[in-house]
Amino acid sequence: MGTLEQHYKKLWNWLDERVGLAEVEKLARKKEVPVHRHSVWYYLGGMTLFLFMIQVATGILLIFYYRPSAEEAFESVKFLMAEVEFGWLIRSIHSWAANLMIFTLFIHLFSVWLLKAYRPPREITWLSGIGLMGITMAFGFTGYLLPWNELAFFATQVGTEITGAVPVIGSFLLRVSRGGEEVTGATLTRFYGIHVAVLPLLTTFLLGLHVYLVQKHGMSMPPAIERQANPKRVMPFVPNFMLRDVVGWLTALAMLAALAAYFPAELGQKADLFAPAPIGIKPEWYFMFMFKTLKYLPAHILGIEGEVIGILGFGVGGLFLLLVPFLDRRTARGEQSHLFTWLAIATIVFMIVLTYLGYTEVVTQ
Amino acid sequence: MGRVGALVCLGLVVLATWPVPAAAQPPAESCVACHLEVGDDRLATPAKEFGNSVHAAKGFGCVSCHGGDANEAGMEAMDPAKGYIGKPDREQISQVCSRCHSDARFMKRYNPAMRVDQLTEYITSVHGRRLMELGDDKVATCADCHTAHAIKPPSDPRSSVHPLRVADTCGSCHADAKRMEAYNIPTDQLQEYKQSVHWKMVSVKGDLSAPTCNDCHGNHGATPPGISWVGNVCGQCHVVQAELFTKSAHAKIFVDLGTPGCATCHENHAVTRASDDMLGLGEGAVCAGCHALDDKGGEIAAGLRERIDLLRGEYDKAHAILLKAERAGMEVSQAEFELSGAKDALVKAQAAVHAFTVEAVKKEADAGLAIAAKGYERGVQALEDLQFRRKGLAVSVVIILALIGGLVVKIRQLERKT
């Protein structure tokens with residue numbers, strides 16, 4: 001044992017001289033996490049990060065077998081699921097982790113919003129977080145098409161069609177996103193490139209910035225807790241909070257294993273470009289509230305197409321969300337901001353209700 | 001030469017001497033003008049109907065068939081000296097139509113693919129023979145099936161001879177008991193045909209290639225198929241079955257017994273969808289009509305049914321297990337595709353029944369049974385894999401939960417210390 005310890009110390013010293021491990025250790029030991037009744041929300045960001053790491057790992061394994069062309073994509077996924085050892089598990093976990101990651105990301109976003117963690121000096125942390133949310137949804141949208149099955153094909157057709165309704169630049173956006181006028185093999189190759197190269201690159205930058213800022217500013221304490229006079233409780237990040245984080249990650253892993261075993265990702269039918277669209281085409285659940293809203297809007301509002309109004313509305317909504325730290329002046333001044341709390345609750349209710357309606361209303365066309 | 005020969009010669013002489021229109025004539029304006037003006041429906045209807053016909057569309061006029069001179073404004077237009085024949089007699093009708101329709105050179109200008117043997121066919125038909133040999137003018141002639149003036153090509157759904165309307169057109173006479181009384185023939189053909197799988201294919205599935213009256217009886221040469229050659233008629237579509245049947249023991253026996261080949265088991269007009277129940281000696285089995293278990297034929301019939309049932313059962317079993325695996329999320333599409341070979345073998349075995357030997361059916365059924373067995377094995381394997389996956393993942397969940405438990409204990413210890 002003594003020899004092992006000596007070897008370990010030797011290695012530590014060797015690394016310390018070269019990369020400054022002692023400073024990192026000191027930093028880690030110094031780092032503290034506030035303990036209060038809202039501490040549970042601190043785990044969501046880490047859980048999202050963990051699921052993202054699973055996505056990277058399983059995604060790399062999928063790339064070994066996946067072939068990004070209209071002729072081979074479906075067959076390669078089928079081969080992966082039927083013939084490759086544990087191929088079914090890798091695909092199922094990639095699919096489920098994607099959904100769980102978006103779910104935890106949404107919870108993380110709304111917990112940060114409701115706890116007003118975006119207030120100075122964490123505005124850029126918020127901006128990078130919103131950017132990461134956009135990237136994650138783009139990951140979901142581009143990844144959904146890649147198996148090249150019937151549902152994915154038509155959902156992408158509908159989804160890209162919506163970009164076509166954006167005023168002025170709509171037709172340009174449509175052609176850029178589809179790689180032509182229609183959803184074809186060119187769209188698939190393009191989505192693949194975006195999914196495995198462009199989005200990971202952007203994520204690396206934004207995630208790096210986001211995590212750096214979280215480390216720099218530490219965990220934000222909710223204003224209500226901050227205003228309390230009694231002394232604040234804290235726990236060390238290493239090992240207490242980290243171990244708790246690992247509990248969260250393992251819980252997510254157990255959920256993924258159970259989901260992959262009992263609800264494996266399906267493949268469906270291969271996309272047929274000339275077949276009529278099947279009834280009840282639905283987007284992924286995280287786009288459902290937008291899709292349903294656009295469906296509910298009347299054909300024309302004040303002489304403008306309802307769909308255009310809807311898209312502009314979501315554009316303005318997205319911009320508002322991005323600028324929340326700058327618009328919420330009361331929180332920035334350290335005052336209570338009920339308006340922004342209610343706006344967050346209204347947004348959550350709106351998303352849940354529209355998503356629920358999207359899955360329960362009888363499909364008529 | 002006999003009466004038929006004389007009539008054919010007469011027909012040919014008429015054909016040779018009848019003035020054939022050099023080309024489509026201008027619309028018969030004077031005929032139509034008068035026929036519409038006199039206020040008599042009997043005269044106005046033909047003029048109205050002709051306007052929508054294929055002949056009018058191609059530029060022919062009334063005089064093309066009726067003769068006369070359409071340029072004359074009054075009754076002079078109907079001068080026999082100018083070839084006017086009025087309403088052709090029933091004996092005359094086929095001659096009038098065939099002036100153009102039997103002239104290959106002339107017809108080519110309008111429809112190069114169109115047959116020109118309608119008259120030749122007609123004089124061999126029961127209709128034509130009765131008309132020409134017995135002078136029976138109640139039988140069908142061209143205008144009865146095609147209508148006199150509103151003639152449209154058979155491809156036009158409004159045509160009286162479109163595949164969807166042929167049965168009703170034939171039935172307008174053949175389902176008329178009073179009209180058929182003199183001929184002493186049944187009148188239930190239309191009713192029976194409309195219960196058949198053939199009519200279902202035409203009318204429900206919209207498959208216009210499925211047979212209607214003329215496909216089996218011929219159209220212009222309409223004749224009931226003879227007992228010895230009914231198989232040839234059915235064999236036009238059911239090639240494999242007909243070939244096997246022709247070589248089988250039944251082919252000769254049925255002729256000797258005076259029973260009509262295919263129709264003995266499958267009916268003629270009321271052909272229903274063939275099912276496995278027709279085979280063997282059980283209830284609804286047609287074999288049981290002649291055979292019993294204690295004769296050789298009955299033994300073969302039971303053997304045939306046994307093979308077919310076995311293959312169907314094994315196919316269903318394999319299909320069910322693959323479906324179960326698929327619904328549980330297993331990827332078995334390749335196995336399902338391969339299993340379709342067993343279904344094909346079943347169809348081949350069902351066709352092979354017409355050889356009436358157990359060996360012929362066994363040969364096809366055995367191939368299908370091997371495929372079905374492989375499919376079933378793949379299904380079992382898929383379900384076993386599924387169980388293995390579930391157990392494996394359940395074990396990993398337990399391990400993860402144990403890790404979580406350990407960590408929680410560790411965290412508590414840590415926090416107790418601090």
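Which residues does B:T212 touch, not counting residues up to four places away in sequence? View 1 has the reply. A word on the ground rules first: this is a predicted model, where local features need pLDDT of at least 70 and side-chain atom pairs count only at pLDDT 80 or more, while totals for chains, interfaces and linings use all residues. Residues are numbered from 1 along each chain as its sequence is written, chains are lettered from A and ligands numbered from 1 in the order in which they are written, and side-chain values use heavy atoms, with hydrogens and water left out.

**View 1. B:T212 and the residues it touches.** Setting aside residues up to four places away in sequence, B:T212 touches B:P163, B:V166, B:A167 and B:Y193 (contact means heavy atoms within 4.5 Å). You'll find B:T212 in the loop between α14 (197-203) and α15 (213-217) of chain B; helices are DSSP runs of H or I with at least four residues, strands are runs of E with at least two, and both are numbered from the N terminus. B:T212 counts as buried because its relative accessibility is 4% (buried is under 20% relative accessible area, exposed is over 50%, and partly exposed is in between, using a 1.4 Å probe and protein chains only).

**View 2. B:H35 in a helix of chain B.** Look in α2 (residues 29-37) for B:H35. With a relative accessible area of 27%, B:H35 is partly exposed. Beyond residues up to four places away in sequence, B:H35 touches B:L43, B:A44 and B:A47. B:R305 sits 270 residues from B:H35 along the chain, and their C-alpha atoms are 67 Å apart.

**View 3. Cysteines without a disulfide.** Searching the whole structure turns up zero disulfides over all chains (a disulfide is a pair of cysteine sulfur atoms within 2.5 Å).

**View 4. A nonpolar core with residues from chains A and B.** This is the largest nonpolar core, with 32 residues; such a core is a set of buried Ala, Val, Leu, Ile, Met, Phe, Trp, Tyr and Cys residues joined through side-chain atoms within 4.5 Å. A:L51, A:I54, A:L89, A:I93, A:L256 and B:L393 touch the most other members. Helix α11 of chain A gives the most to this core, nine residues. Leaving aside neighbours within four places in sequence, A:L256 is in contact with A:L51, A:I54, A:I93, A:W96, A:A97 and A:L100. There's also a second, separate core of 20 residues, including A:W126 and A:M137.

**View 5. A nonpolar patch on the surface.** Here A:V56, A:I60, A:L61, A:I63, A:F64, A:Y65, A:F79 and A:V196 together have about 700 Å² of accessible area. Helix α3 (residues 42-63) of chain A supplies the largest share, four residues. A:Y65 lies in the loop between α3 and α4 (73-82), and is partly exposed at 36% relative accessible area. Patches are made of residues with over 30% relative accessible area and no salt bridge, with like charges joined within 9 Å and nonpolar side chains (Val, Leu, Ile, Met, Phe, Trp, Tyr) within 5 Å. A salt bridge is a side-chain nitrogen of Lys or Arg within 4 Å of a carboxyl oxygen of Asp or Glu, and accessible areas come from the Shrake-Rupley method with a 1.4 Å probe, where for residues only the protein chains shown count as cover.
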